[in-house]
Amino acid sequence: MSEIESDALDWAKALAGDGVAFARIFDRHQDRLFRHSIGLVPTLDDARDVVGITFLEAWRRRDAVRFVDGSLLPWLLVTATHSSRNVSRAARRYRQLLDRIPAAADVPDPADRFDAGPAMDALRTLSSAHQEVIVLCIFEGMSTAEAAEALGIAAGTVKSRLHWARRRLAHRISLDSSAASFSRAASINGRTA
Amino acid sequence: MPSLTSPQRDALRDVLIETVELTDGSRRSAQLVRRLGAGALASGAIVTALIAGSLIGTGTTPSAEAAELLTMAAVRTADDMPITAGQYMRIETRAEYLALTSSDGSSDQMIGYLSPQVNTVFASLDGSSELSGETVYPEPVTFFGAGARAFAQADSAARVLEDAPSSDNTPMNGELGGSQSPIWDLPALPGDPRQLLDRLREGAVEGASPDEEAFERMSDVLSSGRADAELRQSVYGALALIPDLTIVEDSVALDGRTGTAFSLATFEGDNRHDIILDPSTGKFIGERLVTVNGFGAIPAGTAMESTAVTMSIVDASTLPHRVD
């Protein structure tokens, strides 16, 4: 049985009240979701919250989740992306449950920001509609048809949004690079950037 | 690469198992669908007072004409049509999306076509039936640039291969082609326009202004077809509080209906987002995303995305197929 077949099967069992089946979906995708989330939020504990929120949202909105070729992962990634935009607000609904999850271990300073690089910094500046298509089509390598299915929009819309998202992303990265170059030049010249 | 620790995974797994096993089986969609036919609670007078109160002392400077027309729209928004058991709310969304491609990967060589689609959704009052709908894809008729027609034909052929059933496309909860926004849901949104605007501005991204983010979310709410009269009134009031809102056209035809386009420039400055209303009746007509300057073979003023929403009440006997 493939993973995606297992997703659909486990989802059906979860809807019938089988919590362990829901946990199997969690086991299958938690690592991928965590790696996705740490690029979008400041700390590892925020990323932990995003993973928790995403699965709890999946259950709360269980009549709205979408499968792509039987896999729940695209929907989970999009939901994690949304949740990460304001993780403290998203966590309010589930604070009591999330507090049951231990804080990250072996992190010297919880305030340390996880640096995921300029591309993820730029991604955070996009609107949610643009983030969605970048995550699915660029990060996940989905076709426009698959992304359209995951998002419930037309393939043409995915193409159009992808075009604008790439433009905005390139614009943002270019701005950041210019600022970094200026900073470096200023530092070399002994000035304050 | 960091990962969740073993104790974190175990704890979260326990939370999820408990959440599923403690669920009482009630379905949230039923609550949302009931809200469709619930009718407005706020009277026009109350809404007028709310909006006026919100405008006074805000220090914002929206276009006076835009604010006046939006206030009129809020006041004249009629109560939702009463819906009874056995009846369905029919929500028809007619949309056109600009599909783009480029012969050499640069935006200078962009060609495209407007891809039309008509999405019809039926929602029952009592929640006994799931939302169900169908989407049909009429043939494109608008093309931009040499090769655009062939591009459209290739797209159409690919869709047939990849997505054999081109109908029976159940929309996601609360969305008819809009973005998937799981964090806020309609019944939880504040009724006061100022509070609503503040709520929708929360979490705006660095590149877009909070007002742009809020405007997009208001557009999503209105085009979802799920905002009842009370919420539509609040949204119109909140729109009137956006400082840079303008009226670009006072007579816009969309899907055979005429309204006023309330617009906000987007981050790049070369696009604008329009929400189109009929201020005399308070009816939401649709929305558009317009390229102001054009690019490649796409002319200035082209609506890259446009959506028109029509709602009506139908009896179960008129449905094209069972929806439960």
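Biologist: Does Ile111(B) count as buried or exposed, and at what relative accessibility?

Modeller: The model is predicted. Ile111(B) sits in strand S2 of chain B, residues 110-124. Buried means under 20% relative accessible area. Ile111(B) therefore counts as buried, at 15%.

Biologist: Which residues is Ile111(B) in contact with, leaving aside its neighbours within four places in sequence?

Modeller: One group of contacts is Ala99(B), Leu100(B) and Thr101(B), and another includes Phe144(B), Gly145(B) and Ala146(B). The C-alpha of Arg149(B), 38 residues away along the chain, is separated from that of Ile111(B) by 9.6 Å.

Biologist: How do the axes of H4(B) and H8(B) run, roughly parallel or roughly antiparallel?

Modeller: Two packed helices are described by the angle and the distance between their axes. Here the helices are H4, residues 64-76, and H8, residues 229-239, of chain B; their axes come within 8 Å and cross at roughly 170°. Angles over 145 degrees count as roughly antiparallel. H4(B) and H8(B) are therefore roughly antiparallel.

Biologist: Which residues make the contact between H4(B) and H8(B)?

Modeller: Both helices contribute. From H4(B) come Leu70(B), Ala73(B) and Ala74(B). From H8(B) come Gln233(B), Tyr236(B) and Leu239(B).

Biologist: Which residues in H1(B) are buried?

Modeller: Helix H1 of chain B covers residues 6-21 and has 16 residues. It reaches 23 Å from its first C-alpha to its last, close to the 22 Å expected. The buried residues are Gln8(B), Ala11(B), Leu12(B), Val15(B), Leu16(B), Ile17(B) and Val20(B).

Biologist: What does the secondary structure of chain A come to?

Modeller: Chain A has 193 residues, and buried residues make up 54% of them. From the N terminus on, its elements run α-α-α-α-α-α-α-α-α-α. That comes to 10 helices and zero strands.

Biologist: How many residues of H4(A) are buried?

Modeller: H4(A) spans residues 73-85. It reaches 19 Å from its first C-alpha to its last, close to the 18 Å expected. The helix is mostly covered, with the buried count at 13 of its 13 residues.

Biologist: Which backbone oxygen does the side chain of Ser83(A) reach, and at what distance?

Modeller: Ser83(A) lies in helix H4 of chain A. Its relative accessible area is 0%, so Ser83(A) is buried. Its side chain reaches the backbone oxygen of Thr79(A), at 2.8 Å.

Biologist: Which residues does Gln30(A) touch, not counting residues up to four places away in sequence?

Modeller: Gln30(A) is placed in helix H2 of chain A, residues 19-37. It counts as buried, at 8% relative accessibility. Its C-alpha and that of Arg48(A), 18 residues apart along the chain, are separated by 9.6 Å. The residues touched are Val51(A), Phe55(A), Leu4(B) and Arg9(B).

Notes:
Residues numbered from 1 in each chain as written. Chains lettered and ligands numbered in written order. Predicted model: local features only at pLDDT ≥ 70, side-chain atom pairs only at ≥ 80, totals over all residues. Heavy atoms only, no water. Helix = DSSP H or I, 4+ residues; strand = E, 2+ residues; numbered from the N terminus. Expected span 1.5 Å × (residues − 1). Buried < 20%, exposed > 50% of the residue type's maximum accessible area, 1.4 Å probe, protein only. Polar contact = N/O pair within 3.5 Å; in protein donor to acceptor, adjacent residues only side chain to side chain. Axes fitted to C-alpha atoms, helices over the stretch in contact; angles between N-to-C directions. Parallel < 35°, antiparallel > 145°, perpendicular 65-115°, else oblique. Contact = heavy atoms within 4.5 Å.
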